[in-house]
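These are my notebook entries on a few local features. I record each item as I looked it up.

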Amino acid sequence: MNSEEDLLLYITFLYVWGFLKKCIGMELSKITMPIVFNEPLSFLQRITEYMEHTYLIHKACTLSDSIERMQLVAAFAISAVASQWDRTGKPFNPLLGETFELTRDEEGYRMISEQVSHHPPISAFYTESLNQDFSFHGSIYPKLKFWGKSVEAEPKGTMTLELSKHREAYTWTNPMCCVHNVILGKLWIEQYGTVEIVNHSTGDKCVLNFKPCGMFGKELHRVEGHIQDKSKKKHQVIYGKWTECVYSIEPKVYEVNKKAEKKSGGDSKKHKQVQSSTGGDDADEMPDVQETVTMIPGSTLLWRVAPRPPHSTQMYNFTNFAMTLNELEPGMIGVIAPTDCRLRPDIRAMENGDIDTASQEKERLEEKQRAARRERAKDEEEWSARWFQQGNNRYTGAADWIYKGGYFDRRYSDLPDIY
């Protein structure tokens with residue numbers, strides 16, 4: 001070793017690797033993870049980042065054509081995962097009863113989320129337009145598994161967007177996410193899986209394929225799909241990258257372009273093979289990525305990701321939007337609920353760079369939560385969520401958590417002491 005810092009780094013690596021080896025194949029929500037894996041946001045705050053591109057919903061509300069509205073809803077669904085790029089820190093697991101509210105007057109919405117269940121961990125959220133133009137709500141049951149070199153996240157749960165003016169409701173689920181090289185090598189993320197957005201009023205459907213990296217990395221970050229009406233006639237093709245931008249184009253033009261691309265040999269650049277994420281001790285090499293989507297003539301740009309601030313790499317690779325989520329603005333204390341994430345001491349300590357205090361506070365809060373659970377079991381009491389109730393999604397019939405209302409009435413006297 002060349003220095004005490006090298007020795008400390010090596011000891012930390014051995015500790016972390018020794019811990020993680022015991023977790024292979026397990027669901028991480030059942031494991032207390034060291035704080036070194038975290039970023040200073042609760043998962044409830046991470047959910048709020050779905051709203052970074054709310055302008056897409058506002059624009060959809062103004063359009064008279066259902067296919068054009070679907071294009072923007074699809075762009076909104078894709079944009080919701082864009083902030084995850086390079087965000088390799090794990091958000092804090094919310095405590096049972098924890099809440100987070102976000103009001104953005106300039107963007108015309110307010111949002112409330114609550115941790116409604118601990119085992120299994122379920123986070124419910126509800127967003128409403130201040131002008132009653134839309135509502136966006138759902139519940140998420142994230143299942144995380146560690147596979148030796150990667151962490152796979154399955155975000156179970158349904159997203160529901162309702163556009164009041166058009167009397168429309170759209171539902172979809174989010175794609176799978178995988179973080180590679182959690183032990184060795186450069187961390188990198190891929191999203192993959194099929195996302196099906198359904199307009200329950202018109203029967204229109206958008207089928208999006210978040211493409212996995214593949215053996216040679218050619219498909220990394222790519223999204224491709226189409227919009228069809230209830231008779232299954234294709235109207236538009238959607239293409240792009242969830243890390244960059246999304247376009248729409250007429251299907252015939254897209255097919256002609258794809259044929260021409262194949263005839264010319266497509267991408268002649270050689271791609272390095274990506275190793276399996278589950279076998280061997282070597283890192284999963286991230287393929288070379290050309291971060292520019294080639295626009296096909298005649299395409300319409302639906303969405304482009306906003307650039308991150310210059311100091312983002314020193315701030316957990318946060319977006320501008322994410323950097324605002326822990327702000328305690330003047331007048332907030334005494335107005336927001338005492339269960340709000342902004343008041344959570346371990347996250348606040350980590351935000352301030354005090355990792356030792358953050359770790360101690362995280363351990364204290366988790367033990368306090370366990371003690372409260374033992375006390376409820378002793379008294380044979382069931383936990384009851386404050387702002388949401390169990391039910392079924394009225395459009396899909398799937399299990400969901402429904403907002404009961406009342407949060408913004410500011411009656412917080414009976415909330416649990418979780419901090």
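Is tyrosine 316 buried, partly exposed or exposed? I found tyrosine 316 to be partly exposed, because its relative accessible area is 31% and the partly exposed class lies between under 20% for buried and over 50% for exposed. I note that the model is a predicted one.

Entry on backbone angles. I looked up phi of tyrosine 316 and found a value near 60°, which is positive in a residue other than glycine. I placed tyrosine 316 in the loop that runs between β16 (300-304) and α6 (320-323). I then turned to arginine 410, where phi is near 65°, again a positive value in a residue other than glycine. Arginine 410 sits in the segment after β18 (399-403). For arginine 410 I noted a relative accessible area of 32%, so the residue is classed as partly exposed.

Entry on a peptide bond. I checked the bond from histidine 119 to proline 120 and recorded it as cis, with omega near 0°. I located proline 120 in the loop between β4 (109-117) and β5 (122-129).

Entry on surface charge. Which residues gather in a patch of negative charge on the surface? I listed Glu375, Asp379, Glu380 and Glu381. I followed up glutamate 381 and found it in the loop between α8 (355-378) and β17 (388-392). Glutamate 381 has a relative accessible area of 48% and is therefore partly exposed.

Technical notes. Residues are numbered from 1 along each chain as its sequence is written. This is a predicted model: local features need pLDDT of at least 70, side-chain atom pairs count only at pLDDT 80 or more; totals for chains, interfaces and linings use all residues. Side-chain values use heavy atoms; hydrogens and water are left out. Patches are made of residues with over 30% relative accessible area and no salt bridge: like charges are joined within 9 Å, nonpolar side chains (Val, Leu, Ile, Met, Phe, Trp, Tyr) within 5 Å. Accessible areas come from the Shrake-Rupley method with a 1.4 Å probe; for residues, only the protein chains shown count as cover. A salt bridge is a side-chain nitrogen of Lys or Arg within 4 Å of a carboxyl oxygen of Asp or Glu. Lys and Arg count as positive and Asp and Glu as negative; His and the chain ends are not counted. The place of a charge is taken as NZ of Lys, CZ of Arg, CG of Asp or CD of Glu. Helices (H or I, at least four residues) and strands (E, at least two) are DSSP runs, numbered from the N terminus. Buried means under 20% relative accessible area, exposed over 50%, partly exposed in between (1.4 Å probe, protein chains only).
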